[in-house]
Amino acid sequence: MSTASNKIARRPFMAELLGHRGNSLIVTGLGSPSWDCSAAGDSDEYLYSWGGMGLAVPTALGVALAQPGRRVVCVTGDGEMLMGIGSLGVVADQAPANLAILVLDNESFGETGRQRGLTSSRTDIAAVAKGFGIPKTMTVTEQSTVPQLAELLFKTPGPVLAVAKIAITDDPWALPEKDGGAIAHRFRTALGVAKA
């Protein structure tokens, strides 16, 4: 567990990081990860989640397996990752080379009142991922690490996982499309797999 934490301002960090995404597909988790990606610049190649806490990584895994020619990056939060922690075992077992996971870790349960989260003391998601068999992990605590993080997330053969220790902030909401059917349709259309 890194002793330095909660140093990164999430919105500028995500804007800079997503500037390196190239043609990667982005699958977001609930709440702030979706808002952060939307605030950085919405794209039809972003698959936002509005329900199903714990399903961001399994959804990204499914997209990665269905689209082996595209890089897929899952952006989720620490609470959602912990809720779906077993999905890391499936990711390691399936070992898609095109999948990367970014956990935005503010060490709190931000969507339910900012209660102290499990990663604020002993729980280390990057270490847990290694234990599941994900060979390459990284924990970052400074925005200056964006180039190295971008290399891991967008170019390094996967599966890979990174944890970014981010600040608790009061950023304005940047709500993307909220209709699940519309989100799925535009994503499928962007991939050229939408039904007529």
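1. Of the chain's 196 residues, 49% count as buried. The model is a predicted one. The chain holds eight helices and eight strands.

2. Contacts across the sequence: taking the contacts in the chain with a separation of 6 or more, 76% are accounted for by residues 24 or more positions apart.

3. Two packed helices are described by the angle between their axes and the distance between the axes. Here, helix 1 (residues 10–18) packs with helix 2 (residues 32–39) at an angle of about 60°, and their axes lie 9 Å apart. Helix 1 is therefore oblique to helix 2, since an angle has to reach 65 degrees to count as roughly perpendicular. The crossing of helix 1 past helix 2 is right-handed.

4. Which residues make this contact? From helix 1 they are Arg10, Arg11, Met14 and Leu18, and from helix 2 they are Ser32, Pro33, Trp35, Asp36, Cys37 and Ala39. By type, the residues of the contact of helix 1 with helix 2 are six nonpolar, one polar and three charged.

5. In soluble globular proteins, nonpolar side chains tend to be buried together. The largest nonpolar core of this chain has 52 residues. Those touching the most other members are Phe13, Met14, Leu17, Ile101, Leu102 and Leu161. Met14 also belongs to the contact of helix 1 with helix 2.

6. What does Leu17 contact, leaving aside its neighbours within four places in sequence? Its partners are Leu102, Val146, Leu149, Ala150, Leu153 and Phe154. Of these, Leu102 is also among the core residues that touch the most other members.

Methods
Residues are numbered from 1 along each chain as its sequence is written. This is a predicted model: local features need pLDDT of at least 70, side-chain atom pairs count only at pLDDT 80 or more; totals for chains, interfaces and linings use all residues. Side-chain values use heavy atoms; hydrogens and water are left out. Axes are lines fitted to C-alpha atoms, for helices over the stretch in contact, and angles run from 0 to 180 degrees between N-to-C directions. Helices (H or I, at least four residues) and strands (E, at least two) are DSSP runs, numbered from the N terminus. Angles under 35 degrees count as roughly parallel, over 145 as roughly antiparallel, 65 to 115 as roughly perpendicular and the rest as oblique. A crossing is left-handed if the near helix is turned anticlockwise from the far one by less than a right angle, and right-handed if clockwise. Contact means heavy atoms within 4.5 Å. Ala, Val, Leu, Ile, Met, Phe, Trp, Tyr, Cys and Pro count as nonpolar, Asp, Glu, Lys and Arg as charged, and the others, Gly among them, as polar. A nonpolar core is a set of buried Ala, Val, Leu, Ile, Met, Phe, Trp, Tyr and Cys residues joined through side-chain atoms within 4.5 Å. Buried means under 20% relative accessible area, exposed over 50%, partly exposed in between (1.4 Å probe, protein chains only).
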